[in-house]
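Subject: Structure handover

Hello,

Here is the structure I promised to pass on. Please load it first, then read my notes alongside.

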Amino acid sequence: MDTPVPSLYIHVPFCSHKCEYCAFYSELLKPEQVQRFVESLCGELKQLGPALQPRTIFFGGGTPSILSLHQWETILDCMHGMGWGQIPEWTVECNPATVSKEKAQLLKQGGVNRISMGVQSMDAHLLERLGRIHSREQVFRSFEILRGAGFENINLDLMFGIPGQDLKIWHDTLDTIHALNSEHLSAYEVIYEDDTPLFHQMKAGAFDVDEDLIESMYESLIDRSTAAGYHQYEVANFARNQTSQSPYDVPHWACQHNIHYWRAGDYHAAGPSSTEYVQGVRRQHVSNTSLYCDGVQSGGRGIVSEETLIPPVQQGEWAAFAMRMNQGLDFKLFEERFGHHPTQLWGEQMQSIQSRGLAVVEKDHFRPTPLGMRFADAVGSEFVYLQD
Ligand code: SF4
């Protein structure tokens with residue numbers, strides 16, 4: 001029998017409103033559709049159960065916290081029926097507008113031990129600009145509820161480079177968030193995805209993208225978060241409790257689920273539009289909730305595509321992901337997995353990256369410099385192999 005897969009991602013595809021920048025697959029909440037989704041999700045989890053022994057579970061979306069107490073009870077009962085035991089890291093994404101005391105307690109008692117809350121900004125005008133449904137006050141309120149329910153591991157998500165955001169507003173958000181003392185922070189630059197309202201506004205000239213300002217925001221994110229006791233372990237991720245002095249270790253509160261992705265580990269996925277990666281095969285679920293439910297209810301999983309990645313693609317992805325983390329590319333781990341030393345495959349590229357000050361070769365690692373972390377996508381693209 002194959003080794004059980006240690007990670008599971010679940011996509012909950014519902015939101016109460018579409019944000020201006022959002023390109024994720026989600027639909028507006030319709031009660032009958034949600035009920036059918038919950039039943040189908042449980043059906044898919046039952047199919048997957050024996051193939052999994054999760055060390056990490058991540059409910060993302062969409063807005064998982066939009067599900068009702070009753071719907072969460074159904075999902076939790078289904079998960080408990082799998083015999084997986086206690087899950088070391090089980091995250092649920094929450095929107096500050098949809099956190100209640102009862103829901104927080106239910107999740108905590110059900111085994112969820114990490115919450116990731118989408119704050120994005122603490123500025124009322126910018127929250128409106130982004131089309132977010134929550135307020136600054138709801139962030140404080142929800143954070144308190146989550147702590148009151150016993151959550152000791154909370155991530156807060158932020159965005160920078162938002163049109164209309166200046167350094168003063170960004171610093172106010174950072175300082176306010178640091179004062180909440182969450183265990184983890186993620187901060188992403190706004191991406192103008194095709195076909196989002198924000199993309200069309202930018203194309204129509206409604207605002208300019210100021211790269212210098214964005215650069216300053218990223219720098220102050222790192223400086224202020226470091227001063228507030230966070231340790232950057234990935235391009236956009238910071239966590240508390242860096243007990244080791246080694247640059248190859250991650251902080252205690254680092255997100256193990258995401259680290260598993262960045263180390264190109266196997267993970268299953270359930271729910272519409274989700275993608276899984278198991279033993280070199282990538283599978284994609286249909287990005288349509290009705291079709292997903294039809295697929296599961298007729299005995300399948302709603303998978304619409306499957307691609308077997310050839311070794312050069314797997315190796316390239318491994319290296320590109322690794323260069324997002326402070327640890328960089330671990331030569332020993334790479335050799336154990338693929339049978340080659342990275343310098344045999346990318347000697348020239350690595351030299352060129354190093355000569356541009358983007359990474360350094362150390363004894364057993366190729367580690368990004370702070371500049372290399374800033375341009376991790378460009379660095380990573382030098383390892384990627386495109387499969388026809
Ligand atoms: S809450 Fe998240 S998934 Fe939903 S529309 Fe906003 S950004 Fe997209």
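The notes below cover strands, the ligand shell and aromatic pairs. Keep in mind that this is a predicted model.

**Strand β1 and its partners**

Start with β1, residues 5-12. Seven of its eight residues are buried, so the strand is mostly covered by the cut-off of under 20% relative accessible area. β1 pairs in the parallel sense with β4, residues 52-61, over seven bridges. Within that pairing, H11 has G60 of β4 as its bridge partner. β1 also pairs in the parallel sense with β11, residues 268-270, over three bridges. There, Y9 stands opposite A269.

**A three-stranded sheet**

Next, look at the open sheet with strand order β15-β17-β16 and antiparallel pairing. Its edge strands are β15 (329-330) and β16 (359-361), each pairing on one side only. β15 and β17 (residues 365-368) are joined by two bridges, in the antiparallel sense. L329 has F366 in β17 as its bridge partner. Helix α13 (residues 342-355) packs on this sheet and touches β15, β16 and β17. The direction of α13 makes about 130° with that of β16.

**Ligand shell**

Which residues are around the ligand? They are C15, H17, K18, C19, Y21, C22, G61, G62, T63 and R132. By class, the shell divides into four nonpolar, four polar and two charged residues.

**Aromatic pairs**

The count comes to 15 aromatic pairs.

One is F59 with W90. Their ring centres are 6.4 Å apart and their planes are at 20°, so this pair is stacked. F59 lies in β4 and W90 in β5 (residues 89-94), so the pair ties together parts that are 31 residues apart in sequence. Both F59 and W90 are buried.

The other is F334 with W346. Here the centres are 5.4 Å apart and the planes are at 65°, so the pair is edge-to-face. F334 sits in helix α12 (residues 331-338) and W346 in helix α13, twelve residues apart, so the pair links distant parts of the chain. Buried or exposed: how do F334 and W346 count? F334 has 0% relative accessibility and counts as buried. W346, at 7%, counts as buried too.

F334 and W346 also belong to one aromatic cluster, together with W318, F338 and F383.

Best regards

Key:
Residues are numbered from 1 along each chain as its sequence is written. This is a predicted model: local features need pLDDT of at least 70, side-chain atom pairs count only at pLDDT 80 or more; totals for chains, interfaces and linings use all residues. Side-chain values use heavy atoms; hydrogens and water are left out. Buried means under 20% relative accessible area, exposed over 50%, partly exposed in between (1.4 Å probe, protein chains only). Helices (H or I, at least four residues) and strands (E, at least two) are DSSP runs, numbered from the N terminus. Two strands pair if DSSP finds at least two bridges between them. Contact means heavy atoms within 4.5 Å. Axes are lines fitted to C-alpha atoms, for helices over the stretch in contact, and angles run from 0 to 180 degrees between N-to-C directions. A residue is near a molecule or strand if one of its heavy atoms lies within 4 Å of it. Ala, Val, Leu, Ile, Met, Phe, Trp, Tyr, Cys and Pro count as nonpolar, Asp, Glu, Lys and Arg as charged, and the others, Gly among them, as polar. Rings of Phe, Tyr and Trp (its six-membered ring) pair if their centres lie within 6.5 Å; planes under 30 degrees apart count as stacked, over 60 as edge-to-face and the rest as tilted.
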